[in-house]
Amino acid sequence: MKKLIIALFLTGIITGNAQNSKGIFSKDPIINLENFQQKKVYFGFFLGFNTFDFKIDYKTETPDILVKKTTGFNVGIVGDYKLHEYINLRFEPGLYYSKRDLNYPNFSNPSDALREVNSTYIHFPLLLKFSSLRTGNIRPYALGGLSATLNLSSNSKLMDDNLQQRFRVKSWTTNYELGFGIDVFSEYFIFSPSIRGVFGINDELIRDNDPNSPWTSNIESLKSRAILINFTFH
């Protein structure tokens with residue numbers, strides 16, 4: 001259903017412009033919003049999807065913990081500050097929902113083997129956007145930067161641990177991000193689909209109270225990583 005909605009939305013944009021021989025994707029298009037990106041500051045919002053994973057490093061070689069990923073949802077706002085003709089500084093705070101299931105090996109009891117990690121993130125990325133030359137109404141770009149993430153579902157303040165089926169991670173994490181996208185200039189707004197990878201920098205696992213815990217004792221580090229697909233409107 002999500003893919004169908006996206007496909008219909010994109011088809012609507014393309015079809016609407018194709019009706020005009022001077023549309024976005026024609027050979028000689030009318031230049032839309034020609035002076036929009038000459039603004040020093042402008043704003044927008046985004047909607048999108050995410051897939052979060054964990055990168056797990058172990059102290060000793062044992063069967064890996066299996067991470068089952070699901071598709072989550074993103075929503076947020078965008079602030080863009082022009083530094084140069086081809087370089088912009090972007091702040092994209094957003095709310096991200098995700099879910100991961102950790103399946104531990106060597107447990108006979110299913111309730112001990114499975115840990116559901118539901119996360120509600122407030123994400124604060126500060127990014128540099130490097131745009132290419134604009135061709136008609138199309139302008140590809142690459143972007144990268146750093147981000148901080150507040151996990152509202154971290155369970156970090158609880159004393160209960162995996163023995164009470166509480167998987168705990170730190171509230172704040174830091175990341176670096178890399179991605180690319182394309183600005184499509186329509187008559188009234190800029191539509192900007194993008195894809196971005198997020199890579200955790202610091203270990204976010206909170207170990208169990210028992211130093212020999214079968215859930216956390218063999219984990220050297222646990223870091224989030226994600227793929228974000230955002231649809232931005234300016």
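Start at the second largest cavity, which holds about 50 Å³ of space. Select its lining: Gln-37, Gln-38, Tyr-42, Lys-82, Glu-85, Asn-88, Lys-129, Ser-131 and Arg-139. By class this lining has one nonpolar, four polar and four charged residues. Ala, Val, Leu, Ile, Met, Phe, Trp, Tyr, Cys and Pro count as nonpolar, Asp, Glu, Lys and Arg as charged, and the others, Gly among them, as polar. A cavity is a set of points, on a 1 Å grid over the protein atoms alone, where a 1.4 Å probe fits but cannot get out, and lining residues have an atom within 4 Å of a point. Grid points are joined across faces, edges and corners, and the volume is the space filled by probe spheres set on the points.

The model is predicted: local features need pLDDT of at least 70, side-chain atom pairs count only at pLDDT 80 or more, and totals for chains, interfaces and linings use all residues. Residues are numbered from 1 along each chain as its sequence is written, and side-chain values use heavy atoms, with hydrogens and water left out.

Next, select the largest cavity, with about 70 Å³ of space. Its lining consists of Phe-52, Tyr-121, His-123, Thr-149, Thr-173, Asn-175, Val-198, Glu-204 and Ser-224. Three of these lining residues are nonpolar, five polar and one charged. Strands β6 (114-131) and β8 each supply at least two residues of the lining. Over the whole structure, the search finds three cavities of 30 Å³ or more.

Now show the chain as a cartoon. It has two helices and ten strands, in the order α-β-β-β-β-β-α-β-β-β-β-β along the sequence. Helices (H or I, at least four residues) and strands (E, at least two) are DSSP runs, numbered from the N terminus. Of the 234 residues, 42% are buried; buried means under 20% relative accessible area, exposed over 50%, and partly exposed in between (1.4 Å probe, protein chains only). Among contacts with a separation of 6 or more, 68% are between residues 24 or more positions apart, where contact means heavy atoms within 4.5 Å.

Select strand β9, residues 190-200. Eight of its eleven residues are buried, so β9 is largely enclosed by the rest of the structure. On one side of the pairing list is β8 (residues 172-185), which pairs with β9 in the antiparallel sense over nine bridges. Two strands count as paired if DSSP finds at least two bridges between them. β8 and β9 form a hairpin with four residues between them, and Phe-185 has Ile-190 in β9 as its bridge partner. β9 is also joined by nine bridges to β10 (residues 219-233), again in the antiparallel sense. To find this second pairing, pick Ser-192, which stands opposite Thr-232 in β10.

Move to the loop between β9 and β10 and pick Ser-217. Ser-217 is partly exposed, with a relative accessible area of 25%. Leaving aside neighbours within four places in sequence, Ser-217 is in contact with Lys-59, Pro-211 and Asn-212. Draw a distance from the C-alpha atom of Ser-217 to that of Arg-207, ten residues away along the chain: the separation is 7.1 Å.

Next, select the largest nonpolar core, twelve residues in all: Phe-54, Ile-56, Ile-65, Leu-102, Tyr-104, Val-117, Phe-167, Val-169, Leu-205, Trp-215, Ile-219 and Leu-222. β1 (41-58) and β10 each supply at least two residues of this core. A nonpolar core is a set of buried Ala, Val, Leu, Ile, Met, Phe, Trp, Tyr and Cys residues joined through side-chain atoms within 4.5 Å. Centre on Ile-56, which touches Ile-65, Val-67, Ile-219, Ser-221 and Leu-222, not counting residues up to four places away in sequence.

The last stop is the loop between β7 (138-151) and β8, where Asn-155 is placed. Asn-155 has a positive phi of about 60 degrees although it is not a glycine, and at 28% relative accessibility it counts as partly exposed. Then select Gln-165, found in the loop between β7 and β8. Gln-165 is not a glycine either, yet has a positive phi of about 65 degrees; its relative accessibility of 48% makes it partly exposed.

Note on methods:
1 Å grid on protein atoms, 1.4 Å probe; cavity = no way out; pocket = protein on both sides within 12 Å on 5 of 7 lines; lining within 4 Å.
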